[in-house]
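Subject: Structure handover

Hello,

Here is the structure for you to take over. My notes follow below it.

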Amino acid sequence: MPVTDPRTAIIDIGSNSIRLVVYQGPRRLPAILFNEKVLAGLGSSLAASGTIDDAAMAMARTALVRFATLAREMEVDDLRTVATAAVRDASNGAELIAIAERAGLRVEILPGEQEAIAAGMGVLSGIPDADGIVGDLGGGSLELVRVKDGAVHACASFPFGVLRIAALRDAGRLDRAVEQALAATGWIGAGRGLPLYLVGGSWRGLARLDMDVTRYPLPVIHQYAMSPATIARLRRTLSHVGKARLKAVVGLSSGRIPTLGDAAALLSVLLKHLRSTGTIVSAFGLREGLLFGALSPEERAQDPLIAAARDEGRRSGRFPEHGDLLDRWIAPLFADRAGDARVRVAACLLADVGWRANPEFRAERGLEVALHGNWVGIDGRGRALLAQALWTSLGGALSSPPPLTGLAGEAALRRAMQWGLAIRLGQRLSGGIAGPLQRSSLAIDGEALRLHLAPGDAGLYGEAVQKRHRLLAMQMGLSAALG
């Protein structure tokens, strides 16, 4: 990544962890250059003593000095340090602020409402059409936020951080405490008919466990869905599974294991009293919300999937302008619903990602980019369609390789295969140059797939182009026609 791109960073001093994340790239969805956390457990002693204990304070000192030094070494242009519930509530929180200041950091203590708003903005950054309740579970507090139509609405903060749940474990105390707190603030039933979007490491840990148990075919947690019945099953699993088994779960931090049972118990109670339909995991939360909140309205309105795909296409493709042009060229063939149409645009923007790979592995490269790329604003089904289109456009067989059939239906994958064949035709016809695509068009004309060429471009219709034209027409149940 060019060093001229601005670098931003956030140090997030949470109740359970302290984390440094350094970003660089397009403002709408910058790439993560560096990400490190320390499970300092600042909030672990709050319920008993109201203070951050000495061991946690020592871990925080080491982490903050290291993170401040790294940010300077990485020549970060804009560093923001924020602290949440533990520092906010601890009687000795000022001591930690002084430690940070000695390390050269200026700490913002986020009020509960601002923390909640940032979490909601983070979910909207990664899931722009989110409509439901955001639940951000930290070590010291739980924030609830209503998100709809790209905006944050009502929000509230509750003292139900995962490090505080242990005191409420017995005989229905947690259920009663949550019910009373929600009732007092008007949140009972607020999620009726809506999903609960999960933010926070402990809830993401539950999703990692479920992905492992169900053998979910993707390692990507963003927009992973779990029903109330799934949460109940996970609680039963956690009641008897051993720590060694949990440590074997890919992507599950060992530091989160002790909090999983309490996180599951809170989630079950919360779903009950909010009356939410289920859960959707968000990989984005407070930190991404702070970045998103700093953008202009025009920047916020950008589709994060398209912004990221365009940036990747610009960096790894041969012809930066080719992706948008390709989509305009093939779009007349497909009456895709809006959600699928944007995936098709992303496929066109990424159509050149395999050109540097060994020719025998270009299709595999496209598959890997689609399935494992750092995309947001797209669920497992969308990734499967993107992967199918790239697999086909880069010369993969006319089939759906694993794990695509486990993520999307046959009809949708067949349509994505047609996208790939249309992209493949456009790239062969044009050689990746804009002019031939700008002067030609594809259209369905009765029972024919008609390719219109400018009079001076007839020589472009060589044997390879003819074959790709006929193959696309056959897969669409049409005949190939020229002129």
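Two strands pair if DSSP finds at least two bridges between them. Strands are DSSP runs of E, at least two residues long, numbered from the N terminus. This is a predicted model: local features need pLDDT of at least 70, side-chain atom pairs count only at pLDDT 80 or more, and totals for chains, interfaces and linings use all residues. Residues are numbered from 1 along each chain as its sequence is written, and side-chain values use heavy atoms, without hydrogens and water.

Sheet. Three strands form an open sheet in the order S12-S13-S14, with mixed pairing. Strands S12 (441-445) and S14 (479-482) are the edges, each pairing on one side only. Strand S13 (residues 448-452) runs parallel to S14, and 4 bridges join them. Leu451 has Leu482 in S14 as its bridge partner.

Cavities. The structure has 2 cavities of 30 Å³ or more. A cavity is a set of points, on a 1 Å grid over the protein atoms alone, where a 1.4 Å probe fits but cannot get out. The volume is the space filled by probe spheres set on the points, which are joined across faces, edges and corners. The second largest cavity holds about 40 Å³. Its lining residues (an atom within 4 Å of a point) include Tyr216, His222, Asp379 and Arg383.

Cysteines. The search found 0 disulfides (cysteine sulfur pairs within 2.5 Å) in the whole structure. Cys348 is buried at 2% relative accessible area. Cys155 is partly exposed at 22%. Buried means under 20%, exposed over 50%, partly exposed in between (1.4 Å probe, protein chains only).

Best wishes

Methods
On a 1 Å grid over the protein atoms alone, a cavity is a set of points where a 1.4 Å probe fits but cannot get out, and a pocket is an open set with protein on both sides within 12 Å along at least five of seven lines; lining residues have an atom within 4 Å of a point.
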